[in-house]
Each structure stands twice: as C-alpha cells, then as structure tokens.
Amino acid sequence: MSVAFTKEGDSEAFAADLPDRPISPHPNLVTPEGLAQIEAELASARAAYAAAQSAGGAADGDRTAMARATRDLRYWSARRATAQLMERDPAKTVAQFGDRVTFEREDGRVQTFRIVGEDEADPAKGSVSYIAPVARALLGKAVGDSAAAPGGEIEIVAIE
C-alpha cells in the first residue's frame, strides 16, 4: 500500500496502543535494593504519567507518552504490590537469595554473580535472577559443592 493512502496519525495511534509489559508468573522476590529500585521506578512512572496528563492527556497531548506512562505505571504498580522482600538468613552457610556467589567452571573460568529478583537482574553488572539456570544450580549449595549448570559442572568457591 502506498504511503499516500495512509493517515498521518496512524503511527501515533499505533504507538498509543502499546501492549502491557509481561509480568512473570514466578514469585516477585526482591532484595532490599530491588525493592528500592521498584519504588524508584514506580515514582518515575507516576511522574511521567502526571507530566503526560498535564500536557493534555491522550486526547490533546502526546498519546505515545501517555501510553508509555500508563503502561509503565501498571507494570511497576503490579510489581510493587507483589514484591516479597527476602532477607538472607545469616545462620545458613549455603547460597541463598541475595548472596554473591563465586564459582569456577570446568574450563577454569571463575565467575561471580549475585542472586537477585527478576527486575534487578543484570548479568553485565554481576547479578542474575533467582530463576536463571545458573542461580538455580547454585541455590542451596555450600562452598566446595559442585553443581550441574549450563555449560558444564561448576564448583562454588565463595559465598558472600
């Protein structure tokens, strides 16, 4: 179809119908830092929503900004409502949620990851979600234990 036969506002209308961000079916476990991150994101979404509303709302203002703000507000509100703050048990000597775990792979590589909630996971910064295969392999294991993980066996070297 030729561009001549499309309405100029169609891309704006399409952008305004943004799909919701998917919400994980897993429990929303969070560290204290993760909870603070969710609350900051929620505050940011509220501010963006207020700004979009004051700009005229969906009828007169930037419909894309309003749609994004509304979508983000729904997502972060749901994540805050379902957040389960997990405190680590200092009496346990096994890897648990919130711990930084160092392990050695079969090829000699040593890696360290902190096991956190889904919204705070960032492997590039050294954190993985508790539902990630490597985290599931580490949870409940002690220093010196081996576990099967993607890419082969790993051995836990340290837990902080």
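Student: Which residues is Arg71 in contact with, leaving aside its neighbours within four places in sequence?

Tutor: Contact means heavy atoms within 4.5 Å. On that criterion, and with neighbours within four places in sequence left aside, Arg71 is in contact with Leu18, Pro19, Asp20 and Arg21. This is a predicted model, in which local features need pLDDT of at least 70 and side-chain atom pairs count only at pLDDT 80 or more, whereas totals for chains, interfaces and linings use all residues. Residues are numbered from 1 along each chain as its sequence is written, and side-chain values use heavy atoms, with hydrogens and water left out.

Student: Where is Arg71 found, and does it count as buried or exposed?

Tutor: Helices (H or I, at least four residues) and strands (E, at least two) are DSSP runs, numbered from the N terminus. Arg71 is found in helix 4, residues 63-82. Buried means under 20% relative accessible area, exposed over 50%, and partly exposed in between, with a 1.4 Å probe and protein chains only. Arg71 counts as buried because its relative accessibility is 18%.

Student: How many residues has the largest nonpolar core?

Tutor: A nonpolar core is a set of buried Ala, Val, Leu, Ile, Met, Phe, Trp, Tyr and Cys residues joined through side-chain atoms within 4.5 Å. The largest has 18 residues, and Val101, Phe103, Ile115, Val128, Val134, Leu138 and Ile154 have the most contacts inside it. At least two residues of this core come from each of strand 3 (100-105), strand 4 (110-116), helix 5 (133-138), strand 6 (146-149) and strand 7 (152-159). Helix 5 gives the most, with four residues. A second, separate core of nine residues includes Ile38, Leu73, Tyr75 and Ala83.

Student: Which side chain does Gln111 join through a polar contact?

Tutor: A polar contact is a pair of N or O atoms within 3.5 Å; within protein, one must be able to donate a hydrogen and the other to accept it, and residues adjacent in sequence count only if both atoms are side-chain atoms. Gln111, which lies in strand 4, has a side chain joined to that of Arg105 by a polar contact of 2.5 Å. Not counting residues up to four places away in sequence, Gln111 touches Val101, Thr102, Phe103 and Arg105.

Student: What does the secondary structure of the chain come to?

Tutor: The chain has five helices and seven strands. From the N terminus on, the elements run α-β-α-α-α-β-β-β-β-α-β-β. Of its 160 residues, 36% count as buried.
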